[in-house]
Amino acid sequence: MARFFSDSQLDAMARHFDLHGYLRVEHALTADQICRLDQAVDRHIQEYPDDWMELSDSFREAIDVLPHTSAFDEVLESPLMIEILRTILGDNLTFEEFAIMLRNPTANLNEIKGWHRDIVRDYERRQEIFAVSVMWYLTDVSPTDHCFCIVPESHNRLIDLNPCDVANDSGVDLIGPAGTAVLFHARAIHNARLKKNSTQRRTLQAYFSNRLDQRTNEWTSIPPRLYQKCDPTLPPYFYAKWNVTNIQDGVGKRPADIAPGLPMTEVIKEVQRRGKLQMKADGPTSA
Ligand SMILES: O=C(O)CCC(=O)C(=O)O
């Protein structure tokens, strides 16, 4: 099987990820892929308007996309990315979640989530976060565009840092051309840095974890097309969580007290709202 990286390159990438909590990979998508995927995003917006959540002025997201289209399978199964993820997570590497994210131009530069860790918002439970996220840029993210930013080492050496104590202008901005992918540890503190003259930023985002851990979310369905696949080039348990109902207690789980008929997009908004309240209740510690 063709390889994208040498062992020493993979080793260097895994060490960078381990130390800093993130890794930036340019040319993770080809120009053809970017074009195809961008068109698939347009189609999804047109055909499934009800699947999109408006989380803030800038932030629109669709999180249960895979049952409707196979257009994004090539991203999840990208051999280049799987080579890197396998080095980080080993052969127990498994897929968790996929979303399309839009960051629209806005004059309201307050970001809804603020600095946070993913999956579990409760500061006391930060040690329970193990997943790895990959964000692929479908548009150029220049210094004047809305960008993903991260506090290096906050997944590990700085694990005791409370997101509420992180100043607005802290962290590292991860800019890059379309086709760039950013991997980050879900435990690393991160945010979106909104810019007043930004163009629309389009990203695809997936989460991966260890198949032996609880599932991190119940928002992304994994359809038969994927879990019935027999592809020896994929990690052996890649879609193994398609029927796992044991969900980690956090922003990926439907709270027990929510009305059963509420659409998933509304449930997610409510879960995010509660996550924010939880973070407010936790901090700041150094004030
Ligand atoms: O839009 C961004 O860059 C931030 C994304 C984010 O906060 C997240 O993935 O949890």
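## Aromatic pairs and the cluster around Phe208

Rings of Phe, Tyr and Trp, the last taken by its six-membered ring, are treated as a pair if their centres lie within 6.5 Å. In this predicted model, Phe95, Phe208, Phe238 and Tyr239 form one aromatic cluster, and a search of the whole structure finds seven aromatic pairs. The rings of Phe95 and Phe208 have centres 6.0 Å apart and planes at 65 degrees, so this pair is edge-to-face, given that planes over 60 degrees apart count as such. The two residues belong to distant parts of the chain, with Phe95 in strand S4 (residues 93–103) and Phe208 in strand S10 (residues 201–210), 113 residues apart. Phe95 is buried, its relative accessible area being 0%, and Phe208 is likewise buried, with a relative accessible area of 0%.

Phe208 also pairs with Phe238: the ring centres are 6.0 Å apart and the planes lie at 20 degrees, so the pair is stacked, the term used for planes under 30 degrees apart. This pair, too, links distant parts of the chain, since Phe208 is in strand S10 whereas Phe238 is in the loop between helix H5 (224–227) and helix H6 (264–282), 30 residues away. Both Phe208 and Phe238 are buried.

## Arginines over tyrosine rings

Two arginine–tyrosine arrangements can be described. Arg126 lies over the face of Tyr123, at 4.0 Å from the ring centre, and Arg211 lies over the face of Tyr237, at 3.6 Å from the ring centre.

## Cavities

The structure holds three cavities of 30 Å³ or more, and the largest cavity has a volume of about 390 Å³. Of the 30 residues that line the largest cavity, Glu61, Lys113, Asp118, Gln205 and Tyr207 are the closest to its centre. Strand S3 (59–62), S4, S9, S10 and H6 each contribute at least two residues to the lining of the largest cavity, and S4 gives the largest share, four residues. By residue type, the lining of the largest cavity divides into 13 nonpolar, nine polar and eight charged residues.

The second largest cavity has a volume of about 70 Å³. Its lining includes Tyr123 and Arg126, together with residues such as Arg117, Asp122, Cys164 and Met279, and the lining of the second largest cavity divides into five nonpolar residues, one polar and five charged.

## Pockets

About 450 Å³ of space lies in the largest pocket, which is lined by 21 residues, with Glu111, Gly114, Trp115, Asn168 and Asn191 lying nearest its centre. Strand S9 (190–193) and H6 each supply at least two residues of the lining of the largest pocket, and that lining is made up of ten nonpolar, five polar and six charged residues.

The second largest pocket has a volume of about 280 Å³ and is lined by 15 residues, of which Asp249, Gly250, Val251, Arg274 and Gln278 lie nearest its centre. The lining of the second largest pocket divides into five nonpolar, three polar and seven charged residues.

Glu83 is placed in helix H4 (residues 79–89) and is buried, with a relative accessible area of 13%, the cut-off for a buried residue being under 20%. Leaving aside its neighbours within four places in sequence, Glu83 is in contact with Ala2, Arg3, Phe4, Phe5 and Leu10.

Definitions and conventions: Residues numbered from 1 in each chain as written. Predicted model: local features only at pLDDT ≥ 70, side-chain atom pairs only at ≥ 80, totals over all residues. Heavy atoms only, no water. Buried < 20%, exposed > 50% of the residue type's maximum accessible area, 1.4 Å probe, protein only. Lys NZ or Arg CZ within 6 Å of the ring centre and 35° of its normal. 1 Å grid on protein atoms, 1.4 Å probe; cavity = no way out; pocket = protein on both sides within 12 Å on 5 of 7 lines; lining within 4 Å. Points joined across faces, edges and corners; volume = space filled by probe spheres on them. Nonpolar A, V, L, I, M, F, W, Y, C, P; charged D, E, K, R; others polar. Contact = heavy atoms within 4.5 Å.
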